[in-house]
Amino acid sequence: MAFSAEFLERLKAANPIAEVMGEYVSTKRAGRDYVCLCPFHNEKTPSCYIHPDREFFHCFGCGAGGDVISFIMKYHNLDYVEAIKMLAERANMEMPEDSCIWIFRMIRKI
């Protein structure tokens, strides 16, 4: 998908991963990072770490990880464009107009 690097940077800055994941799971501060129960598999002790300074998460139990976009994609079972749209709405940002988005949506309907 053809989103500019500048738009993606602004989107991620407006949706800090620790804040976004904190809306879905209970997080606990662990030094500079946060720890939580992984939302992608059942566990009794936290194995999912959120690294806000580097803006990514990683679960040592199931191997899930990524940035805020990939978290939203996996958690809500969305494709890339839908996850971007959801985060843009959350941050009250306008989606950039792009002919690739229109083409992508038309292909999905076929």
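Predicted model: local features only at pLDDT ≥ 70, side-chain atom pairs only at ≥ 80, totals over all residues.
Which residue takes a positive phi in the hairpin of E3 and E4? Glu55 does, with a phi near 55°, in a hairpin that has four residues between its strands.

Residues are numbered from 1 along each chain as its sequence is written, and side-chain values use heavy atoms, with hydrogens and water left out.

**View 1. The whole protein, with five helices and five strands.** Helices (H or I, at least four residues) and strands (E, at least two) are DSSP runs that are numbered from the N terminus, and from that end the elements run α-α-β-β-β-β-β-α-α-α. Of the 110 residues in the protein, 32% are buried, where buried means under 20% relative accessible area, exposed means over 50%, and partly exposed lies in between (1.4 Å probe, protein chains only). The accessible surface comes to about 6,900 Å², and 53% of it belongs to carbon and sulfur atoms; such areas come from the Shrake-Rupley method with a 1.4 Å probe, and for residues only the protein chains shown count as cover. Among contacts between residues at least 6 apart in sequence, 46% join residues at least 24 apart, a contact being heavy atoms within 4.5 Å.

**View 2. Helix H1 (residues 5-14) and its buried residues.** Phe7, Leu8 and Leu11 are the buried residues of H1. Seen down the axis of H1, they fall within an arc of 95°, so they line one face of the helix; the arc is that of the directions from the helix axis to the C-beta atoms. Ala5, Glu6, Glu9 and Ala13 are exposed on the other side of H1. The buried residues of H1 pack against helix H3 (68-76) and helix H4 (80-90).

**View 3. The open sheet of five strands, in the order E1-E2-E3-E4-E5.** The pairing in this sheet is antiparallel, and two strands count as paired if DSSP finds at least two bridges between them. Strand E1 (27-30) and strand E5 (65-66) stand at the edges with a single partner strand each, so one side of each is left without a neighbour in the sheet. Four bridges join E1 to strand E2 (residues 33-36), with Lys28 opposite Val35 in E2. Strand E3 (residues 48-51) and E4 also pair over four bridges, and here Ile50 stands opposite Phe57 in E4; the hairpin of these two strands is the one in which Glu55 takes its positive phi.

View 4. Two bridges join E4 to E5, where Gly66 is the bridge partner of Phe57. The hairpin of E4 and E5 has five residues between the strands, and Gly63 in the turn has a positive phi of about 90°.

**View 5. Helix H3 and the elements that cover its buried residues.** Val68, Ile69, Phe71 and Ile72 are the buried residues of H3. Seen down the axis of H3, they fall within an arc of 160°, so they line one face of the helix. Their cover includes H1, helix H2 (17-22), E4, E5 and H4. At the N-terminal end, Asp67 caps H3 through a side-chain oxygen that lies 3.2 Å from the backbone nitrogen of Ile69, and the helix is followed by Asn77, whose phi is positive, near 55°.

**View 6. Asn15, in the loop between H1 and H2.** Asn15 is buried, with a relative accessible area of 0%. A polar atom of its side chain lies 2.9 Å from the backbone oxygen of Leu11. Not counting residues up to four places away in sequence, Asn15 touches Val20, Glu55, Val68, Leu87, Arg90 and Ala91.

Note on methods
Polar contact = N/O pair within 3.5 Å; in protein donor to acceptor, adjacent residues only side chain to side chain.
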